[in-house]
Amino acid sequence: MAAKWSLSGALRGMFQRETITEETWDDLETALIMADFGPDITEQLIEALRADVDRLMVDDPKDLKRMLRERLEERFAEYDPTLSLQERPAVILVVGVNGVGKTTTIGKLARFLVANGQSVVVGAADTFRAAAVEQLATWAQRAGSAIVRPEREGQDPASVAFQTVEAAKAHDHTMCIIDTAGRLHTKGGLMDELGKIKRVIEKQAPISEVLLVLDATTGQNGVNQAMAFIEHAGITGLVVTKLDGSAKGGFILAVQERTGIPIKLIGQGEGIDDLTGFTPHVFVEQLVG
Ligand SMILES: Nc1nc2c(ncn2[C@@H]2O[C@H](COP(=O)(O)OP(=O)(O)OP(=O)(O)O)[C@@H](O)[C@H]2O)c(=O)[nH]1
C-alpha cells in the first residue's frame, strides 16, 4: 500500500489521461500544494517541467511523471544525507521542541547503531522532567544501550551531557547520543542552555552531529517553531518524524531547501525499527509512485 504521504493518489487522475493538457498542470499544481511543497517550490517545479515538456516535445503524462521524479531527485541530491560519525566517541546532540519525537528517535537510532555493532551510551540531559528520563531509560533498555541519568531532578543539563561523554570515553562506547529539553516558553534560556551543553561537551570531544527533530504532521509551521534552533544551535542535520501520520511528503523537500540543512533520518512509526536513513532515490520513488 502506498504511504499516506505518497502523491500517487493525488496524481492518479492526471496519469489516466492520454495527453498532457492544461488540466494536467492544474492537477499537478494542486497535488504539490496539498503535499506541502509550498508555493515557491511548486511554481519552480511546474515551470521547469513545462520547459522540459516543451523542449522534448512530450505529450504523454507518463513521461511527465518520470520527469517529475528526475527533477525532484535532482533537487534532493543537492544535500548530503550521510550521518558523519567517524569520531570515537561520535557525539550526537538531539534537539527540537517538545513532543516532536526526540526521545523516540534516540531510542530508534541507538537500536540501529547497536544492531550495527556499535556500543552506545545515551545521556538524559532533559533533567527537568523525571518522566522524560524514565522514557529514555526504557528506550535505552530496549535498544541495548547504556544510559547516564541525572543524579537528581533539575541537575544542570550540561553536567549530565559532560558525564555522558565522560562515561563514553571511560567505557569505550563508540557512540554517545544526548537528549535535550525542548521547552519553548524560555526560548532564550533554552538556547543559552544548549550553548552551554555544547561548550561543555567540546571540552572533551568534538560534536559529530547536532540533529534537529521536526514533526512532519505540523509541516512548515513546525519549522517556524524550530527557527531558534536553526538560527542558534549549529544544526548539522534534520530528522523528520511522524511521516507515517502525515500527508505532507513535500514538506521533506521544502524543509531542506528552506533551512539549507540536509535531512539525515526519517521516522515512520512508533516502533523501535521505524527509523531509516534518507535516500532521495527511494524516497522519490515512493513519493511519486
Ligand atoms: N506515528 C509516529 N509517532 C511518533 C514517531 N516518532 C515519535 N512518535 C510519537 O510522538 C510522541 C512524542 O514522542 P517523544 O519521543 O516523547 O517526543 P520528545 O520530543 O522527546 O518529547 P519531549 O520529551 O516532551 O520533549 C510519542 O507518542 C511517540 O510515540 C513517528 O515517527 N511516527
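Let me begin with a term: helices (H or I, at least four residues) and strands (E, at least two) are DSSP runs, numbered from the N terminus. A helix also has an expected span, which is 1.5 Å times one less than its number of residues. Take α3 as a case. This helix has 18 residues and reaches 26 Å from its first C-alpha to its last, close to the 26 Å expected at 1.5 Å a residue. Just after α3 comes Met 57, with a positive phi of about 50 degrees.

Two ground rules. Residues are numbered from 1 along each chain, as its sequence is written. The model is predicted, so local features need pLDDT of at least 70 and side-chain atom pairs count only at pLDDT 80 or more, while totals for chains, interfaces and linings use all residues.

Now the whole chain. It has twelve helices and eight strands. Its radius of gyration, taken over C-alpha atoms, is 21 Å. Along the principal axes, the C-alpha atoms fill a box of roughly 65 × 40 × 30 Å.

How much of the chain is buried? A residue is buried if 20 or more other C-beta atoms lie within 10 Å of its own, exposed if 12 or fewer, and partly exposed in between, with C-beta atoms placed from the backbone. Buried residues make up 44% of the 289.

Next, contacts. Two residues are in contact if their C-beta atoms, placed from the backbone, lie within 7 Å. Take the contacts between residues at least 6 apart in sequence: 77% of them join residues at least 24 apart.

On to domains. The bounds come from an automatic or database domain assignment. That assignment gives domain 1 (8-76) and domain 2 (90-288). Their C-alpha centres lie 35 Å apart. The contact between them takes 13 residues from domain 1 and 15 residues from domain 2. On the domain 1 side, the largest share is seven residues, from helix α4 (residues 61-76). For classes, Ala, Val, Leu, Ile, Met, Phe, Trp, Tyr, Cys and Pro count as nonpolar, Asp, Glu, Lys and Arg as charged, and the others, Gly among them, as polar. By that count, the side of domain 1 that touches domain 2 has seven nonpolar, one polar and five charged residues.

After α5 comes Gly 117, with a positive phi near 85 degrees.

Some backbone details. Most residues other than glycine have a negative phi, and most peptide bonds are trans. Where does this chain depart from that? The peptide bond from Arg 88 to Pro 89 is cis, with omega near -5 degrees. Pro 89 lies in the loop between α4 and β1 (90-95).

Asp 36 is not a glycine, yet it has a positive phi of about 70 degrees. It sits in the loop between α2 (22-34) and α3 (39-56). Asp 172 has a positive phi too, near 55 degrees. Its place is in the loop between α7 (157-170) and β4 (175-179).

Are these two buried or exposed? Asp 36 counts as buried, because it has 23 C-beta neighbours inside 10 Å. Asp 172 is exposed, because 9 other C-beta atoms lie within 10 Å.

Leu 190 lies in helix α8 (residues 187-202). It is buried, with 21 other C-beta atoms within 10 Å. Leaving aside neighbours within four places in sequence, Leu 190 is in contact with Ala 181 and Arg 183. Glu 134 is found in helix α6 (residues 130-143). This residue counts as exposed, with 12 C-beta neighbours inside 10 Å.

Conventions
The radius of gyration is taken over C-alpha atoms; the globule rule is 2.2 Å times the number of residues to the power 0.38.
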